[in-house]
Amino acid sequence: MDWRRFGVIALVIAILFGVVVLIGKNQTPPMVIITSMLATTIAVATPLTLGALSGIYCERAGVVNIGIEGMMLAAAFFGWLASIYMNSIFGFAPMPSLIVGVIAAVLSGALFALLHAALSITFKVDQIIGGTVINILAIGITGFLNRQLFFEEGSIFGGNVPHAPGILPSIRVPLLADVPTFGRMFDQQPITIAAIALVFITHYVLFYTRWGLRTRAVGEHPRAADTVGINVARMRYANVIIGGCMAGLGGAYFTLQSVPSFEPLMTNGRGFISLAAMIFGNWTPIGAWAASLVFGTAQAMQINLQFFRELILPEWAFLKNSYIVGLAPYILTMLILTGIIGKTTPPAADGVPYEK
Amino acid sequence: MTENYMLSEARPEPRRRIETNIVLEAKGITKQFPGVLANDKVNFDLRKGEIHALLGENGAGKSTLMNLIYGLHRPDKGDVIVNGKTAAIHSPNDSISLGIGMVHQHFMLIPVFTVAENVMLGDETIKRGALDRNTVAAKINEISKQYGLDADPNALVGDLPVGLQQRVEIVKTLYRNAEIVILDEPTAVLTPQEAEDLFRIMRDLTARGVSIIFITHKLKEALAIADRITVMRAGRVINTVLPSETDSAQLANMMVGRQVILTVDKKDHEAKEAVLKVENLSVRDQRDLETVHHVSFFVRGGEVLGIAGVQGNGQTELSEALTGLRHPTGGKVFISGHDVTGKPPRVMTETGLAHIPEDRQRHGLVMSYSVADNMALCDYYHPPFSKRGVIQPKALDENARRLISAFDVRTPSPFVNAGKLSGGNQQKVIVARELSRSVKLVIANQPTRGLDVGSIEYIHSVIVKMRDNGAAVLLVSAELDEIMALSDRIAVMYRGQIVAMVETKKSTREQLGLWMAGAHVETA
């Protein structure tokens, strides 16, 4: 990550914050607006951050993964399903049910990743097609099971959607959360905290450990890795599955942390936006997190503007329409992917199957 | 059979040292690839502290044998014996732990990694869970100093020149305590000076007890540096000889299996008027640096002008500008009086230019197209290849069959992808396409790089034939021998300028070498 890129990120975030502050400043003190925006940004950036980390593990090892969207959707569904089973059928308390739900989400992400790994590493299927298969499969399976289990006559839940065990409670970071005004930022739910921790863990793993060196080697020049005795296929499998776990945790965000329900297609393109964040962050964890925060800011703007709907000036009337503001993350994605913010360099062997 | 040397497994040469000195022995190695018997009962041995050259043309089975010894492939039959014990080598891990290191022809280095990261990869030193870069760097410095290898552990490999990258590869093997080092065509990518440095390093290594297998197809190098030379052809060992008891002609015979003419047969020839005229040409490279500065010269019909120079002195950009692949930033280019400055390649081609590009796989061929399609790339849009905008497969096919036999291209059929052919045959496809047209000017950039003796001989004869038929030939080559053998006049390029222009007859190797190294002497 170069400083210029961080500069662009800071600038975009500042502009989006500025819009909200300008509109709301007569009703709410700017500091409160900024803190609220920051807290929302960090929270809604969670699935993007985890999705980008998923992409980083896969692509640094040389496997393109456009199936993150599908992995997240499947994880969101199966995590939710597991938590409901635990809670309604086996009668566990909400908290253990939610924890089992998170584990189930991570495992289903890993399982879909295993499929992607088998397709792209063992069977050398075109990786874009493999990823597309994952996406379509996830939409199909989750939509089908959702109907069959909950809405069909005679299904397990007999046409009634049972109550979910709720959402993961937020955790107050000791001391920091007690700071007036800004403390709000350090009052976050567990998946968000895990995502931020994983950003730094991934950075360390990739650039300071043997695992990371070998991962990057098989993604840059698999033959060179092979000639020094590294098992290319094994490294790639392991990293794709780790990536699947990241996407799975990102999926858990939707149904176990954000809202206590599942809707078909609820990931809503977040998996693809996280790929844009990964690219914008030049395949580095910290860069990708910064980029996820840009997208998070765009979404936080949409959420926060709703509080100030009445204050929006007539000539800014388009901001009243949350659908238009809601386009911001997607427009940002397109701008970023056109490469106007400088060139990024993917790993040299990204997407290329290794032939011995 | 016109072969001077019968294929045989027996080596007539008596062993002069005791058996225990043999550090590595391959016995009866056989490896079958689909359609090719790559190694056929190969026997080979390496003594402690010697440089043993393995000589042969491309496809003779040298690299296969080494990949088997290194564990990248498994032999179908035969044993590898290391230090007197039969070794089970299943993967590079096994060979590395037996003290075998290999420097591959295409470097196994990761450009975005530092030297230290490249060296430690697969054999990392770990301190408290993290990579211990300092310890590795210290060890690299120590090895580097000991053998005069001059490798900076913190440099990014992608920033290093090719010669230094190769040293990093050598450090990689020594870092793993290799006592047997296999060098696969190490000089193919080096300038003459870098090759000299490499030979010095090789001698240093053997003086310290390292044994080296030196794979090459260059006779001179084998004769210059090897203690013994083993020649392979068509998957078999032909013979093992001492350099003092053989010569180039004999080795070439063994390699190719027939008499080879090593000197180019070139008669004096009267040059006509200038075909290519270059006036004050300046060119920038992709980093926007001016790599050709105000160059002027001409090439007459019926002569070969050789451009000598160490690689990277502007030759690439010059030939790209002359063939329409790169826009010059200043000056003029004329072909037969037509101003073609900055014109696209098609205009150049139609004016009578034939181009044999430097990178044959990227700029000379479409690797995934058939031989027949590649042979029509210059005129596919004309009748008879196209009629009313539709390609005529029959015409392409006939053209290809004619050229395949005329230019002796070894291909199973015209429909095989160009990428499947050997380097020599790929080059023949390009030569056939370019030189079968009516051509006034030939620009050949490194036309024989990486080719085997037979193909080099053939390409050279074609170039001389074009000249004798009255075409102007501009030959760019990093091989001074090639320049001197083919050219009528020689221009030396140094840092983007032509620093000398001489007639070949009046030049000497030493003088040219000085000019190439930047010693500015008045133009003779």
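The C-alpha centres of domain 1 and domain 2 of chain B sit 26 Å apart, with domain bounds taken from an automatic or database domain assignment. In chain B, domain 1 covers 261-352 + 438-524 and domain 2 covers 364-437. Everything here comes from a predicted model, where local features need pLDDT of at least 70, side-chain atom pairs count only at pLDDT 80 or more, and totals for chains, interfaces and linings use all residues. Residues are numbered from 1 along each chain as its sequence is written, and chains are lettered from A and ligands numbered from 1 in the order in which they are written.

Where the two domains of chain B meet, 13 residues of domain 1 are in contact with 9 residues of domain 2 (contact: C-beta atoms, placed from the backbone, within 7 Å). On the domain 1 side, the largest share, 5 residues, comes from helix H15 (residues 453-468) of chain B; helices (H or I, at least four residues) are DSSP runs, numbered from the N terminus.

As for the chains themselves, their contact takes 15 residues from chain A and 18 residues from chain B. On the chain A side, helix H8 (210-220) and helix H9 (222-227) each supply at least two residues, and H9(A) gives the most, with 5 residues.
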